[in-house]
Amino acid sequence: MDRPGTISRAIAELRRMEKDSFFRKTAAINLLFTSIVVLLVMICAVYRSIRIVDDNITSAISSMSWLLAQEESTCQAILEGKMEPSMQEALDQVLENTEYVDIITIADCNGIRVYHPDKSRIGEKFTGGDENRFTDEQNSYVTTGQGTLGKQRRVFTRVFDKEGNAAGFVMVSSLTSHIYENYGVVLLAFIPLTLIILLAAVLVSCSIAWRLRKSLLGHNPAEFVRLFIQRNEMFDALEEGILAIDCHGIILFANRAAAQIYHSIPEKLQGHPIRQVLFECRLEQVLETGEAEYGREITLHLS
């Protein structure tokens, strides 16, 4: 195989097509349409993925807040105003190993903390102003607030003692900065995929334009229109009548002279079987045998 020669011809063909305005326009239109579709699909996929991550974050901090609020040791720590070191270590491990959970705060009904990741803040009053939104019907809620460690998405869950009285609350949150980092991870994961798909779209668009150009024998539609008009004008200028048929004997073309013989116009002859026009016509036999016939006289029956 002459690979260098094949590659050279392919490169020469690409350069020639680059100068072809029809090829460029067709490829550009295909690429534009494909790119718009790809981008819309990817935007929807990214949005959907971010929504899933967002729901997972809210679900994670909500579940953790509810679990801690159900623990008897949590209520006991609130009622005693202090937490055992072993429980503090356990909560520190939870913060270290649980995805999306950045902060856990446990406080009494007055907002005095009995647990906080920053041990120096234990015993201080809870900040943010969104810790008192509990109602008789609502014992858990989600907010976005500004805490001592930054802006957070927070889930508050009320803690009850054995008599069913409110003893305090558990707040579990995820820092907004970490939430945006997770959004960024999703976005970065889609960028290479989007680029690969766009590259494939370029190749497909060029392939479609090349195949279309090849099917048009290297011409663009404007050239075909010009050639068609030139052909009609040339054949219509002849004094002899000309008829052309397809393999089924249907008239494809009739010039003006042929139509005038039948006191008609070319368009009315086209599409009719040749034998409705020329009863003694042998064009079908010529198609079958492949042998031309010259100088043969036939009789026309004009009505």
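## A partly exposed isoleucine and its patch

At 38% relative accessibility, Ile-191 counts as partly exposed, a class that lies between buried (under 20% relative accessible area) and exposed (over 50%), judged with a 1.4 Å probe and protein chains only. Ile-191 lies in helix H5, which covers residues 176–215; helices here are DSSP runs of H or I with at least four residues, strands are runs of E with at least two, and both are numbered from the N terminus. Together with Leu-187, Leu-188 and Leu-195, Ile-191 makes a nonpolar surface patch of about 380 Å². Patches are made of residues with over 30% relative accessible area and no salt bridge, like charges being joined within 9 Å and nonpolar side chains (Val, Leu, Ile, Met, Phe, Trp, Tyr) within 5 Å.

This is a predicted model, in which local features need pLDDT of at least 70 and side-chain atom pairs count only at pLDDT 80 or more, whereas totals for chains, interfaces and linings use all residues. Residues are numbered from 1 along each chain as its sequence is written, and side-chain values use heavy atoms, with hydrogens and water left out.

## The protein as a whole

The secondary structure comes to nine helices and seven strands. Buried residues make up 32% of the 303 residues in the protein, and the protein exposes about 19400 Å², of which carbon and sulfur atoms supply 59%; accessible areas come from the Shrake-Rupley method with a 1.4 Å probe, and for residues only the protein chains shown count as cover. Of the contacts (heavy atoms within 4.5 Å) with a separation of 6 or more, 49% are accounted for by residues 24 or more positions apart.

## The open sheet and its helices

Five strands form an open sheet in the order S2-S1-S5-S4-S3, with antiparallel pairing; two strands pair if DSSP finds at least two bridges between them. Strands S2 (113–115) and S3 (140–147) stand at the edges with a single partner strand each, so one side of each is left without a neighbour in the sheet. From one strand to the next, the twist averages 35°.

Strand S1 (residues 103–108) and strand S5 (residues 166–175) run antiparallel and are joined by six bridges, and Asp-108 stands opposite Gly-168 in S5. Helix H3 (residues 72–80) packs on the sheet, where it touches S1, S2, strand S4 (150–160) and S5, and its direction makes about 115° with that of S5. Helix H4 (residues 85–97) also packs on the sheet, touching S1 and S2, and its direction makes about 145° with that of S1. Axes are lines fitted to C-alpha atoms, for helices over the stretch in contact, and angles run from 0 to 180 degrees between N-to-C directions.

## Salt bridges

A salt bridge is a side-chain nitrogen of Lys or Arg within 4 Å of a carboxyl oxygen of Asp or Glu, and by this rule the count comes to eight. One of them joins the side chains of Arg-51 and Asp-54 (3.8 Å, N to O), which, being three residues apart in helix H2 (residues 21–70), are separated by about one helical turn. Arg-51 is partly exposed, at 35%, whereas Asp-54 counts as buried, at 10% relative accessibility. Arg-51 and Asp-54 are also linked with Asp-55 and Arg-153 in a network of salt bridges.

Asp-236 forms a salt bridge with Arg-256, the closest N and O atoms being 3.6 Å apart. This pair links distant parts of the chain, 20 residues apart, with Asp-236 in helix H6 (residues 221–236) and Arg-256 in helix H7 (residues 256–261).
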